[in-house]
There are 2 protein chains.
Amino acid sequence: MFIKNLPHKTVERLSQYRRALLMILSKEKTHVFSHEIAQMLHITPVQVRRDLMLIGYSGNLRKGYDIKELIELIGKIIDSERGQRVAVVGLGNLGKAFISYFKGKRSKLSMIAAFDINPEKINRVFDGVPCYHINQLTDIIKQNNISIGIITVPSEQAPEIAESLVLSGIKGILNYTPKPLNVPAYVYLEEYDMITSLEKVAFFAKKNDERFK
Amino acid sequence: MFIKNLPHKTVERLSQYRRALLMILSKEKTHVFSHEIAQMLHITPVQVRRDLMLIGYSGNLRKGYDIKELIELIGKIIDSERGQRVAVVGLGNLGKAFISYFKGKRSKLSMIAAFDINPEKINRVFDGVPCYHINQLTDIIKQNNISIGIITVPSEQAPEIAESLVLSGIKGILNYTPKPLNVPAYVYLEEYDMITSLEKVAFFAKKNDERFK
DNA sequence: CTTTTATTGTTTATTTATTAACAATGATAA
DNA sequence: TTATCATTGTTAATAAATAAACAATAAAAG
């Protein structure tokens with residue numbers, strides 16, 4: 001399904017809507033109102049309705065949105081029809097955390113491989129994901145048509161890993177190291193640094209505190 | 001130091017500027033141009049200059065910005081003068097990742113305590129951080145005047161942990177579970193979900209790929 | 001049958017964030 | 001001394017994101 005130029009933030013929220021909807025799906029409810037979704041995610045009902053408008057979904061005036069239908073539609077929009085395969089590079093704590101957290105999550109993404117240099121980890125399986133030596137990276141990625149790479153290695157090694165990933169034909173990179181990477185324009189890059197997040201929380205917590213006291 | 005209403009994004013970038021500046025500080029350079037900072041972080045030089053304008057920092061027309069001075073000024077603005085203490089709740093892979101990643105990072109934030117329910121972890125020290133049982137959470141937080149909490153427990157437990165943190169007087173929470181939390185307005189809450197990030201990368205990687213092929 | 005109510009869908013307004021434009025500066029070279 | 005150059009600092013313009021406003025609708029109540 002094709003919708004032109006969905007805003008970045010809307011894409012992010014669609015993923016969150018789906019997650020939230022899956023959580024309440026079990027609870028024998030079949031429909032949900034925009035303000036209920038909004039409350040779950042700390043946003044406004046207008047925001048929700050606007051996003052749903054953008055993806056062309058219509059709810060029922062009296063009952064709200066059909067949960068199952070909406071989950072399905074979001075999938076049609078944000079998932080790739082043929083699925084996408086993912087690899088984690090770096091099986092330290094963060095890499096392991098990602099894999100175990102990913103485990104059992106539905107969706108069209110499948111975690112295919114992990115890479116490390118530690119001999120104790122290589123050729124073992126972690127939460128269903130086999131670990132290979134980093135020097136097999138290109139081969140495994142090409143063979144399995146893996147299109148997304150998650151970088152969780154020590155930051156010094158991040159640039160060379162990124163380069164290998166790009167050369168192996170990866171399409172998107174999620175970088176969890178504090179080292180900003182350079183990749184060609186045809187590779188989508190997202191960077192996240194935990195310390196930056198923490199410092200942001202610290203700043204606004206301090207500020208908030210001053211405001212409320 | 002006080003600057004009124006620094007934009008959210010600017011605060012985030014200030015933290016990144018500092019990180020980047022600390023990285024190049026060693027390299028015997030004393031000054032840096034806006035376009036150099038920009039290149040490191042994949043943003044525009046104007047963005048950098050604008051942010052620095054907002055915090056009232058002036059560079060040298062010919063030499064650029066004094067790296068040490070700028071690092072110091074950013075510290076005065078985003079750090080709390082008296083420092084802030086941090087605790088991690090949940091010592092699984094993600095909690096451990098956070099602690100080990102945090103280790104050795106300067107800044108006015110100090111990691112004081114970790115909490116878990118696993119007896120094998122309790123009363124041990126991880127990367128310099130002592131682990132306590134969760135039922136000691138309130139006591140330890142109050143005793144040590146901890147103001148920031150990071151939640152890395154399984155998502156079902158997140159709401160009760162958040163509640164305990166709030167009752168213990170925490171000022172800011174960084175939630176890494178996919179369960180959105182509710183906290184009073186005087187507590188600053190930041191939520192991050194790895195799967196959402198991954199789905200976003202998957203979406204834009206797919207889109208990018210179509211555009212470039 | 002009419003009014004009230006709660007909701008959706010959409011347009012318009014506002015706010016926030018980014019980018020463009022350009023004057024001012026002062027070192028360097030002509 | 002004068003012109004050239006690369007840079008900063010700031011204002012103005014644009015774009016992206018959010019929120020407000022409100023008509024349309026259909027169920028329920030009177």
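A cavity is a set of points, on a 1 Å grid over the protein atoms alone, where a 1.4 Å probe fits but cannot get out, and its lining residues have an atom within 4 Å of a point. The model shown is predicted, so local features need pLDDT of at least 70 and side-chain atom pairs count only at pLDDT 80 or more, while totals for chains, interfaces and linings use all residues. Residues are numbered from 1 along each chain as its sequence is written, chains are lettered from A and ligands numbered from 1 in the order in which they are written, and side-chain values use heavy atoms, with hydrogens and water left out.

**View 1. The largest cavity and its lining.**
The structure holds one cavity of 30 Å³ or more. The volume of the largest cavity is about 40 Å³, a volume being the space filled by probe spheres set on grid points that are joined across faces, edges and corners. Chain A lines the largest cavity with Glu199(A), Ala202(A) and Phe203(A), and chain B with Ile78(B), Asp79(B), Ser80(B), Gln84(B), Lys108(B) and Leu109(B). Helix 8 (residues 194-212) of chain A gives the most to this lining, with three residues. Helices (H or I, at least four residues) and strands (E, at least two) are DSSP runs, numbered from the N terminus. The lining divides into four nonpolar, two polar and three charged residues. Here Ala, Val, Leu, Ile, Met, Phe, Trp, Tyr, Cys and Pro count as nonpolar, Asp, Glu, Lys and Arg as charged, and the others, Gly among them, as polar.

**View 2. The second largest pocket.**
A pocket is an open set of grid points with protein on both sides within 12 Å along at least five of seven lines. The second largest pocket holds about 730 Å³ of space. Its lining has 32 residues, and Lys206(A), Asp209(A), Glu210(A), Ser80(B) and Gln84(B) lie nearest its centre. Ser80(B) and Gln84(B) also line the largest cavity. At least two lining residues come from each of helix 8 of chain A and, in chain B, helix 4 (67-78), strand 3 (84-89) and helix 6 (137-144). Helix 8 of chain A gives the most to the lining of this pocket, with six residues. By class, the lining has nine nonpolar, nine polar and 14 charged residues.

**View 3. The surroundings of Phe102(B).**
Phe102(B) sits in helix 5 (residues 93-102) of chain B. Phe102(B) counts as buried because its relative accessibility is 6%; buried means under 20% relative accessible area, exposed over 50%, and partly exposed in between (1.4 Å probe, protein chains only). Leaving aside neighbours within four places in sequence, Phe102(B) is in contact with Ile195(A) and Leu198(A) of chain A and with Leu109(B), Ser110(B) and Met111(B) of chain B. Contact means heavy atoms within 4.5 Å. From C-alpha to C-alpha, Phe102(B) and Asp127(B) are 9.3 Å apart, with a sequence separation of 25 residues.

**View 4. Asn175(B) and its partner Glu191(B).**
Asn175(B) belongs to strand 8 (residues 172-175) of chain B. With 0% relative accessibility, Asn175(B) counts as buried. The side chains of Asn175(B) and Glu191(B) are joined by a polar contact of 2.9 Å. A polar contact is a pair of N or O atoms within 3.5 Å; within protein, one must be able to donate a hydrogen and the other to accept it, and residues adjacent in sequence count only if both atoms are side-chain atoms. Not counting residues up to four places away in sequence, Asn175(B) touches Ile151(B), Leu181(B), Leu189(B), Glu190(B), Glu191(B) and Tyr192(B).

**View 5. The protein surface near DNA strand C.**
DNA strand C is surrounded by 24 residues, of which Ser34(A), Ser58(A), Gly59(A), Leu61(B) and Arg62(B) are the closest. Sugar and phosphate make up 59% of the atoms of DNA strand C that come within 4 Å of the protein. A residue is near a strand if one of its heavy atoms lies within 4 Å of it. A polar backbone atom of Gly59(A) is 2.5 Å from a phosphate oxygen of DNA strand C, and a polar side-chain atom of Arg13(B) lies 2.7 Å from a phosphate oxygen. On the base side, a polar side-chain atom of Arg50(B) lies 3.2 Å from a base oxygen.

A polar side-chain atom of Arg49(B) lies 2.8 Å from a base oxygen of DNA strand D, and one of Arg50(A) lies 3.2 Å from a base nitrogen.
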